[in-house]
Amino acid sequence: DKTQGIVPEGAKKCEWINQNKTQMKCELNPLVKWSDGVPVKSEDYVRAFVYLIKPETKAREISHLMRLKNAKKILQKKAKPETLGVRALNDFTLQLEFDEKDPDFIPKLTSAVLIPWRSIPNIKKPKELLTNGPYRIKDFSPRKANLLRNEHYPYGNPARPEVEIFYVEELSTGLNLFDLGKINFLPHFYLVFFYNLYLLFLVMS
């Protein structure tokens with residue numbers, strides 16, 4: 001947001017709780033729910049972060065978690081993934097502990113990689129993938145995705161239309177499709193983002 005900066009949505013607030021700023025507590029927003037109507041809970045974030053830090057996952061953007069407690073040791077296989085500095089205090093309170101200061105961690109939480117998971121996603125079964133944003137996945141393939149409105153998402157336009165996303169490797173291809181009226185919107189960044197998301201799911205499936 002241009003006036004408010006980062007606007008909380010998944011959490012009501014995240015704040016440092018010690019003077020050294022190596023411990024953070026996030027109070028989750030109970031209004032945010034999965035596409036099946038179940039609230040997103042702090043354990044969903046723990047599950048996601050622990051899975052991402054596992055050496056065998058080889059996740060993209062893992063640098064976002066590198067200052068969490070034991071993150072480097074886990075990647076070096078000197079500590080178990082379950083010792084990562086993230087834990088659920090209760091259903092809607094998440095606590096994070098860091099080995100060193102990470103003043104940019106709250107902005108990092110806006111990354112598409114650091115999202116909660118109710119279960120480990122299986123890209124081969126996209127219709128079973130639970131989401132907590134404005135859309136849920138109808139179909140997913142290497143070339144395009146079809147998104148339907150997530151009726152449990154509490155924000156934005158409740159009558160948002162179905163969306164079809166095409167992945168193109170060359171910007172010129174996207175521009176040609178736009179000029180021909182085949183697509184309505186062409187933000188190059190998001191085309192790259194969704195293609196990277198597909199690659200990320202391939203790695204994790």
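So, which hand does the disulfide of Cys14 and Cys26 have, and why? Hold that thought for a moment, because the way to the answer goes through the torsion about the S-S bond.

Before I get there, a quick word on what you're looking at: this is a predicted model.

Okay, the disulfide. There is 1 of them in the structure. Cys14 and Cys26 form it, and their sulfur atoms sit 2.1 Å apart. Now the torsion: about the S-S bond of Cys14 and Cys26 we get about 115 degrees, and so the disulfide is right-handed. The two cysteines come from distant parts of the chain, 12 residues apart, with Cys14 in strand β1, residues 11-16, and Cys26 in strand β2, residues 23-28.

What about their surroundings? Cys26 has a relative accessible area of 2%, so we call Cys26 buried, since the cut-off for that is under 20%. Cys14 comes out at 23% relative accessibility, so Cys14 counts as partly exposed.

While we're in this part of the chain, have a look at the loop between β1 and β2, where you'll find Lys21. Lys21 isn't a glycine, and yet its phi is positive, about 55 degrees. Its relative accessibility is 46%, so Lys21 goes down as partly exposed.

There's another lysine to point out. Lys77 has a phi near 60 degrees, again a positive value in a residue other than glycine. You'll find Lys77 in the loop between α2, which is 71-75, and β3, which is 86-90. And is Lys77 buried or exposed? With a relative accessible area of 67%, Lys77 is exposed.

Right, on to the sheet. We have an open sheet of 3 strands in the order β5-β6-β7, and the pairing is antiparallel. Which strands stand at the edges? Those are β5, residues 135-140, and β7, residues 163-166. Each has a single partner strand, so one side of each is left without a neighbour in the sheet. Going from one strand to the next, the twist averages 25 degrees.

As a bit of background, strands of a sheet pair through backbone hydrogen bonds, in either a parallel or an antiparallel way.

Let's zoom in on one of the pairings here. Strand β6, residues 144-149, runs antiparallel to β7, and 4 bridges join them.

To come back to where I started: the torsion of about 115 degrees is why the disulfide of Cys14 and Cys26 is right-handed. That's it from me, thanks!

Notes. Residues are numbered from 1 along each chain as its sequence is written. This is a predicted model: local features need pLDDT of at least 70, side-chain atom pairs count only at pLDDT 80 or more; totals for chains, interfaces and linings use all residues. Side-chain values use heavy atoms; hydrogens and water are left out. Two strands pair if DSSP finds at least two bridges between them. Axes are lines fitted to C-alpha atoms, for helices over the stretch in contact, and angles run from 0 to 180 degrees between N-to-C directions. A disulfide is a pair of cysteine sulfur atoms within 2.5 Å. Buried means under 20% relative accessible area, exposed over 50%, partly exposed in between (1.4 Å probe, protein chains only).
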